[in-house]
Amino acid sequence: MSLSQPQEFYRQAGKVIPYLLGGAVVLFLIGLYMAFFEAPIDARQGNSYRILFVHVSAAWLSMLLYILMAVMSLIGLIRRSNLAMMSAQAMSQTGALMAALALCTGAIWGRPTWGTYWVWDARLTSELILFFLYLGFIALHAAIDDKRRADRAASVISIVGVVNVPIIYFSVRWWNTLHQGATITGAGASMHPVMLATLLVMVSAGMCYGAGVVLSRLRTIILERERREDWTRKAALEGTL
């Protein structure tokens with residue numbers, strides 16, 4: 001699917017979305033079954049750790065979407081690609097949802113594990129900043145009527161804010177943080193194979209869901225802008241604009 005032809009992209013995306021969302025549902029159901037009936041009880045955390053299958057998936061997706069949003073914004077600025085800018089806009093709402101879900105599930109997990117719903121831990125705080133960056137992008141975009149100016153203004157937030165993503169990821173290594181360290185590293189995974197398989201299934205479900213929803217939102221944005229441009233051209237020809 002080319003970023004230079006919105007109409008063709010619109011048609012091709014429409015063919016892919018049902019498969020992505022259908023795959024997300026199937027993988028999510030499989031992941032839930034594995035999480036509740038196949039994954040063993042954790043020796044330290046008991047059953048409370050099971051919410052981490054959702055938490056980790058949401059957190060990873062929130063970071064990935066922000067990186068992609070920044071990349072699309074940069075491409076849009078350099079190549080003056082409207083579709084790249086629209087892609088960044090489409091990712092912002094799903095990214096904000098994933099960041100909020102990561103924060104909420106993390107709080108639910110933190111209560112029995114740490115004895116509190118929230119601490120100003122380095123990773124939690126940087127994830128909260130990521131959520132606010134998403135909200136800032138969405139709010140700024142909505143505040144400017146001229147969508148091309150809105151694209152350029154909001155892209156600054158996404159490009160500058162992307163520096164926060166490696167801070168989230170490496171915070172548990174750089175600082176003495178309450179949050180547990182990485183379970184999956186380049187040296188392997190320090191978790192039960194069934195737990196790892198369940199996590200990967202849930203992450204795959206999240207990726208399929210994120211891709212499907214972003215493409216669906218992007219199709220809506222393309223239609224909205226096409227209609228707006230048609231209205232603007234018509235109004236200009238009639239002398240009412």
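The following paragraphs describe the fold, the surface and selected residue pairs of a predicted protein model. Local features were considered at pLDDT of at least 70 and side-chain atom pairs at pLDDT 80 or more, while totals for chains, interfaces and linings use all residues. Numbering starts from 1 along each chain as its sequence is written, and side-chain values rest on heavy atoms, with hydrogens and water left out.

The protein chain contains 7 helices and 2 strands, these being DSSP runs numbered from the N terminus (helices: H or I, at least four residues; strands: E, at least two). Their order from the N terminus is α-α-α-α-α-α-β-β-α. Of the 241 residues, 40% are buried, where buried denotes under 20% relative accessible area, exposed over 50% and partly exposed in between (1.4 Å probe, protein chains only). Among contacts (heavy atoms within 4.5 Å) with a separation of 6 or more, 74% join residues 24 or more positions apart.

Helix H7 (residues 193-238) includes valine 214, which counts as buried at 9% relative accessibility. Not counting residues up to four places away in sequence, valine 214 touches Leu65, Ala90, Met91 and Thr94.

The structure holds 4 aromatic pairs. Rings of Phe, Tyr and Trp (its six-membered ring) are paired if their centres lie within 6.5 Å; planes under 30 degrees apart are stacked, over 60 edge-to-face and the rest tilted. One of the pairs joins tyrosine 66 and tyrosine 134 edge-to-face, at 5.2 Å centre to centre and 80° between the planes. Tyrosine 66 belongs to helix H2 and tyrosine 134 to helix H4 (residues 122-143), so this pair ties together parts 68 residues apart in sequence. Tyrosine 66 is buried, with 0% relative accessible area, and tyrosine 134 is buried with a value of 0%. Phenylalanine 131 and phenylalanine 132 form a tilted pair, with 5.9 Å between centres and 40° between planes; phenylalanine 132 is partly exposed at 48%.

Arginine 219 lies over the face of tyrosine 10, at 3.9 Å from the ring centre; the criterion is NZ of Lys or CZ of Arg within 6 Å of the ring centre and within 35 degrees of the ring normal. Arginine 80 occupies the loop between helix H2 (52-79) and helix H3 (82-114). This residue is exposed, with a relative accessible area of 75%, and has a positive phi of about 55° although it is not a glycine.
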